[in-house]
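Today I'm looking up charges and who pairs with whom.

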Amino acid sequence: MIEKKEEHLQRQIAQDLATAKANAVSNKTVATAALRRKKMHEGDLDKLAGTRLQLETQVNTLESANINANTLEVMRKGANALKDIHNGMTINKVDETMNAINEQRDIANEISELISNPANSGVDVDEDDLKAQLAELEQEGLNERLMTTDHVPVHIPAGTSRVDTRHQVAVEESEDAELKQLQAELAMS
């Protein structure tokens, strides 16, 4: 209904403006009257726009109030559901239940540990001690290999002059002595 009234006023404003333009030179009284009617119709059009704005605001307010009412109802139902769920539940009861669960979990862990470790029952094994023993065994094996090897052959490249063999034998014997001394030192450590 407001739209129809606005359309009617807009047509009258256009008609009054046309009348004022047509009579502006020839009949100033008619042109002035047409401009007054035009101003009056523009005022009525502004009032209708204000009324429309008020109605739209009122509709938005009603919609918001309806949404708020629905939200409040849902929140109330949610609060009641939580109250029903927590009925009879207290902090002390929850704490007792959690303590019982933790105790049972500890017992289950102890049982699992005892069942899964039957081979070492009562025997504590020191990993560092095992590593030290393994290192000793490896060293002994290396020492045995060094002791059982013959002396290192000396290779003289072609084209070099021969050294006195007596001197070479003395050098080999001193090298053998140094090697045995080194092996003895390694065996002590």
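By what are R76 and E73 in helix α2 separated? I checked: they sit three residues apart in helix α2, so about one helical turn separates them. Helices here are DSSP runs of H or I with at least four residues, strands are E runs of at least two, and numbering goes from the N terminus.

Ground rules before I go on. This is a predicted model, where local features need pLDDT of at least 70 and side-chain atom pairs count only at pLDDT 80 or more, while totals for chains, interfaces and linings use all residues. Residues are numbered from 1 along each chain as its sequence is written, and side-chain values use heavy atoms, with hydrogens and water left out.

Entry: R76 and E73 form a salt bridge, with the closest N and O atoms 2.2 Å apart. I count a salt bridge when a side-chain nitrogen of Lys or Arg lies within 4 Å of a carboxyl oxygen of Asp or Glu. R76 has 43% relative accessibility, so I logged it as partly exposed. E73 gets the label partly exposed too, at 31%. My cut-offs: buried is under 20% relative accessible area, exposed is over 50%, and partly exposed is in between (1.4 Å probe, protein chains only).

**Entry: the network.** Salt bridges with shared partners join E3, E6 and R52 into one network. I searched the whole structure and got five salt bridges.

I looked at R52 with E3 and found the closest N and O atoms 3.3 Å apart. R52 is in helix α2 (residues 28-85) and E3 in helix α1 (residues 2-23), so this pair links distant parts of the chain, 49 residues apart. For R52 I noted 25% relative accessibility, partly exposed; E3 is partly exposed at 44%.

Next I took E6 and R52, whose side chains meet in a salt bridge at 3.0 Å, N to O. With E6 in helix α1 and R52 in helix α2, the pair ties together parts 46 residues apart in sequence. Is E6 buried or exposed? I have E6 down as buried, at 15% relative accessible area.

**Entry: the acidic patch.** I found a patch of negative charge on the surface, where D126, E127, D128, D129, E136, E140 and E144 gather. Patch residues have over 30% relative accessible area and no salt bridge; like charges are joined within 9 Å, nonpolar side chains (Val, Leu, Ile, Met, Phe, Trp, Tyr) within 5 Å. I placed D126 in the loop between α3 (91-116) and α4 (127-148). At 47% relative accessibility, D126 is partly exposed.

Key
Areas by Shrake-Rupley, 256 points an atom, 1.4 Å probe, with all protein chains shown as cover. Lys, Arg positive; Asp, Glu negative; His and termini not counted. Charge placed at Lys NZ, Arg CZ, Asp CG, Glu CD.
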